[in-house]
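Please read them with the model open.

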Amino acid sequence: MATVDETPSAKRWLPLEANPDVMNQFLWGLGLPVDQAECNDVYGLDEELLEMVPKPVLAVLFLYPITKKSEKERLQQQEDAKKDHSNQVYFMKQTVGNACGTIGLLHAIGNITSEIKLSEGSFLDGFFKSTRSMDPMQVLFTNTLLYYSLFMPCLYLASQASENVDTHFICFTCVDGKLYELDGRKSGPISHGATSPSNLLKDAAQVIKGMIAKNPESLNFNVIAISKKSGDA
């Protein structure tokens, strides 16, 4: 099974900044219409702060630090993994370093195409139409077109951070009544039980709280919600 190549000579992208404005420009430039959806900061996981996030929330992105503890858990989940997810879940593997922000956004958009309308003929529209029925390992980076198609926008919009980052983006989404964690460094989607579109943010927040509790000494966390524009709700 392919994994991220972390050798010094491996291909790496400049990391996409954990900034809603940067992510919005990135997505809008690739074919998500401005009037359809946008990324917003989640300022805290308490109920009153979650209520401040524009609704409806279609997906949640979580940035967390990579630690020895998180890596041990990831490897254990991969070892214990079994296919218990809906065939409707759109999932892809990450095989290029620092691409997790882009993969997280693609996971998010790929699982909400029934809720939004992508610009006809845009990169995102064509990409999801052509990869919808592919196996996760076929979806990207086996086809170098995606790498070169997305590299220049990433290069333009990426943060000025160093190439070696110690944080990682994952996505949470609701598919067929279940909350799924989508992490391109894992072997497949992880189900976290029942949820609904209206409860997605709160249920994802509970899972995120558990992950934060495992790294209490770190402050390097960030939560971003992708919300449908109110005019289209």
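**Salt bridges and cavities**

1. The structure holds five salt bridges. Keep in mind that this is a predicted model.

2. Glu51 and Lys202 meet through their side chains in a salt bridge, at 3.7 Å from N to O. The pair links distant parts of the chain, 151 residues apart. Glu51 sits in the loop between helix 2 (47-50) and strand 2 (57-65), and Lys202 belongs to helix 8 (residues 200-213). Glu51 is partly exposed, because its relative accessibility is 47%. Lys202 is also partly exposed, at 35%.

3. The Glu51 bridge is part of a network. Shared partners join Glu47, Glu51 and Lys202 into one set of salt bridges.

4. Next, a local pair. Asp125 and Lys129 form a salt bridge at 3.3 Å, N to O. Both lie in helix 5 (residues 123-131), four residues apart, or about one turn of the helix. Asp125 is buried, at 10% relative accessibility, whereas Lys129 is exposed, at 55%.

5. Then check Lys186 and Glu181. Their closest N and O atoms are 2.6 Å apart, in a salt bridge. Both residues are buried.

6. Three cavities of 30 Å³ or more turn up in a search of the whole structure. The largest cavity contains about 80 Å³.

7. What lines the largest cavity? The residues are Tyr64, Lys69, Ser70, Glu73, Met211, Lys214 and Asn215. By class, two are nonpolar, two polar and three charged. Helix 3 (residues 68-80) gives the most to this lining, with three residues.

Definitions and conventions
Residues numbered from 1 in each chain as written. Predicted model: local features only at pLDDT ≥ 70, side-chain atom pairs only at ≥ 80, totals over all residues. Heavy atoms only, no water. 1 Å grid on protein atoms, 1.4 Å probe; cavity = no way out; pocket = protein on both sides within 12 Å on 5 of 7 lines; lining within 4 Å. Points joined across faces, edges and corners; volume = space filled by probe spheres on them. Helix = DSSP H or I, 4+ residues; strand = E, 2+ residues; numbered from the N terminus. Nonpolar A, V, L, I, M, F, W, Y, C, P; charged D, E, K, R; others polar. Salt bridge = Lys/Arg side-chain N within 4 Å of Asp/Glu carboxyl O. Buried < 20%, exposed > 50% of the residue type's maximum accessible area, 1.4 Å probe, protein only.
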